[in-house]
Amino acid sequence: MTEAPPTSAGQALLETTEQRDLRAAVAALGARYGRAYFQRVTAEGKHTDELWGEAGKLGYLGVNLPERYGGGGRGVTELAIVLEELGAAGCPLLMLVVSPAICGTVISRFGTDEQRARWLPGLADGSRKMAFGITEPDAGSNSHRITTTARRDGTDWLLTGRKVFISGVDIADATLIVGRTEDSRTGRLKPCLFIVDRDTPGFERRPIPMELQAPEKQFELVLDDVRLPADALVGEEDAGLLQLFAGLNPERIMTAAFALGMGRYALGQAVDYARTRTVWKQPIGAHQAVAHPLAQAHIELELAGLMTRKAAQLYDAGDDVGAGEAANMAKYAAAEAGLKAVDQAVHTLGGNGLTTEYGLAALLNAARVARIAPVSREMILNYVSHSSLGLPKSY
Ligand SMILES: Cc1cc2nc3c(=O)[nH]c(=O)nc-3n(C[C@H](O)[C@H](O)[C@H](O)COP(=O)(O)OP(=O)(O)OC[C@H]3O[C@@H](n4cnc5c(N)ncnc54)[C@H](O)[C@@H]3O)c2cc1C
C-alpha cells in the first residue's frame, strides 16, 4: 500500500506557488507519519502529540493566526490546506478545526489584547489547545435554544449549563464555551463566549462512548456555577453573535477540508488496490463497474475542493456574508463526497475493505461525522432553501 494521495492538476491552477509549496510540504510531513501512526496512537489510547508538535514547530498549525502572535499571517485557505493534506496522508487532526480555526479566529478577531497575548502564541505553535463547546442536549441543531447561562457576581461571571459531544476537552487547556447572558429573556439569541480553563472548579467532563476510532474523544460537560473572572468573557458582551458567526465559517470550511482529506486518503487506497488486485485476467480496476465509481468519487472530491477553496478565499477576503453561504455549501459537498469516496473505497477492497489490516472500514463512521457536525446536512439544505433560494420556512 502506498500512502500518497492522488495529485490534482486543478489545484496547481487555482493556488499560489506559496500555497502549493505548503500543500507539498504538509503532504510530506503527513507521509512521514502515515495512517499506521494514526491507527497505532488511537489503538493505544494516545494522541497524535508527535505529529501535532512537529506541525506546530513548522508553523502549520498557526498558519492562519496573526504573525504578531507567532502565527503565519495567512488565512483559513492555508489552514484548510494543512488539514486536507494531513487527512489525505491518513492523519486527520480534528483539533485543527476547533483550536486554531474556531478559537484562534474568534480570539484574534475579537479578543482583548491580553487574551490574544495569553492564547494565540500557544495556539499557533501547538503548545496549547482550545476546545469549542456550543452543542447542548436539549438544543441540538437549534443553537438558538441553548440555555447555558452566565450571570454576574460582582466582577466575576457564574456559568451554568450542559454541553454534549464536545471534542478534545481532555487535551485542551481550555474550552471556548458558548453561553448566553441571563438578562436576555427576549427569546433572541444573545450569545457570549467564555474561555473556561480545563481545571476550573465546577467544570466537569464525562467521556461519551462513541463508535469512532479517533484519538480525539467527545465529552459531556457539566458547568455548575463555574466562577470565571471578568476577563474570561471574549470581547464585548453585546458582540457575541458577530463573534460566534466569525468562528462558524472557518469551522465549516475546516470540516470540509477534514472530509476532503479523508475521502482522498480512502480513494488513494482503493485506486492502489484496484490497480494490482487480479481475480480474473485483468486487475479489478480494469472493470468499469469498479473504475467508474472511483472516477465519480474523484470528480466529486475535486468539485467539493473547489467549493471549499471558494469559501476559504471569500472568508479570507473579509466577505463574511458570501463566505457564509459558500462555507455551508462546501461543508455539504465535501461531507457527501468524502463519505461516498470512503464507502466506495471499502467496497473496492472486497473483504479486505472490512479488515483491520487495511483499516478502511473504520473510516465509514469517521466520514459520517462531517455529515452531522458541526451542522447537519439537513440544516444546510434548510439554510440554502431559505437564504439562497428564498423558500419559506417550516420551523
Ligand atoms: C464526532 C463529533 C464531534 C463533535 N464535536 C463537537 C464539538 O467539538 N463542539 C460542539 O459544540 N459540538 C460538537 N459536536 C456536536 C454536533 O455539532 C451536533 O451533533 C450537531 O450539531 C447535530 O446536533 P444533534 O446531535 O443534537 O442532532 P439533532 O439536532 O437532534 O438532529 C438530529 C437529526 O434531525 C435532523 N434535524 C433537526 N432539525 C431539523 C430540521 N429543522 N429540519 C430537518 N432536519 C432536522 C438533523 O439533521 C439530524 O439528522 C460533535 C458531534 C460529533 C458526532
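## Basis of the model

Two strands count as paired if DSSP finds at least two bridges between them. Helices (H or I, at least four residues) and strands (E, at least two) are DSSP runs, numbered from the N terminus. This is a predicted model, in which local features need pLDDT of at least 70 and side-chain atom pairs count only at pLDDT 80 or more, while totals for chains, interfaces and linings use all residues. Residues are numbered from 1 along each chain as its sequence is written.

## Strands β4 and β5

Strand β4 (residues 174-181) runs antiparallel to β5, and 7 bridges join the two. V178 has L193 in β5 as its bridge partner, and R180 stands opposite P191 in β5. β4 also pairs in the parallel sense with β1, over 4 bridges; here M130 is the bridge partner of A174 in β4. Strand β2 (residues 149-153) pairs with β4 in the parallel sense too, over 2 bridges, and A150 has T181 as its partner in β4.

A residue is buried if 20 or more other C-beta atoms lie within 10 Å of its own, exposed if 12 or fewer, and partly exposed in between, with C-beta atoms placed from the backbone. On this scale 7 of the 8 residues of β4 are buried, and the strand is mostly covered. Strand β5 (residues 191-197) is largely enclosed by the rest of the structure, because 6 of its 7 residues are buried.

## Domains and their contact

The domain assignment of the chain gives domain 1 (9-129), domain 2 (131-238) and domain 3 (241-388); such bounds come from an automatic or database domain assignment. The centres of domain 2 and domain 3, taken over C-alpha atoms, are separated by 29 Å. Between these domains, 12 residues of domain 2 are in contact with 9 residues of domain 3, contact meaning that C-beta atoms, placed from the backbone, lie within 7 Å. The side of domain 2 that touches domain 3 consists of 7 nonpolar, 3 polar and 2 charged residues. In this classification Ala, Val, Leu, Ile, Met, Phe, Trp, Tyr, Cys and Pro count as nonpolar, Asp, Glu, Lys and Arg as charged, and the others, Gly among them, as polar.

The UniProt annotation "domain: Acyl-CoA dehydrogenase/oxidase C-terminal", from an unreviewed entry, covers residues 240-382. UniProt positions are given in the numbering used here, feature names are shortened, and annotations may be inferred rather than shown by experiment. Residues 240-382 are 78% helix and 0% strand, and the end C-alpha atoms of the span lie 24 Å apart.

## Ligand shell

The ligand is surrounded by 22 residues, of which G140, S141, S167, S376 and E378 are the closest; a residue belongs here if its C-beta atom, placed from the backbone, lies within 6 Å. Two or more residues of the shell come from each of β1 (130-133), β3 (156-167), α10 (362-372) and α11 (377-388). Domain 2 and domain 3 each supply at least three residues to the shell. By class, the shell has 13 nonpolar, 8 polar and 1 charged residues.

## Position of V290

V290 lies in helix α8 (residues 288-316). V290 is partly exposed, because 18 other C-beta atoms are within 10 Å. Leaving aside neighbours within four places in sequence, V290 is in contact with A274, I284, G285 and T348. The C-alpha atoms of V290 and V271, 19 residues apart along the chain, are separated by 9.6 Å.

Methods:
Two residues are in contact if their C-beta atoms, placed from the backbone, lie within 7 Å.
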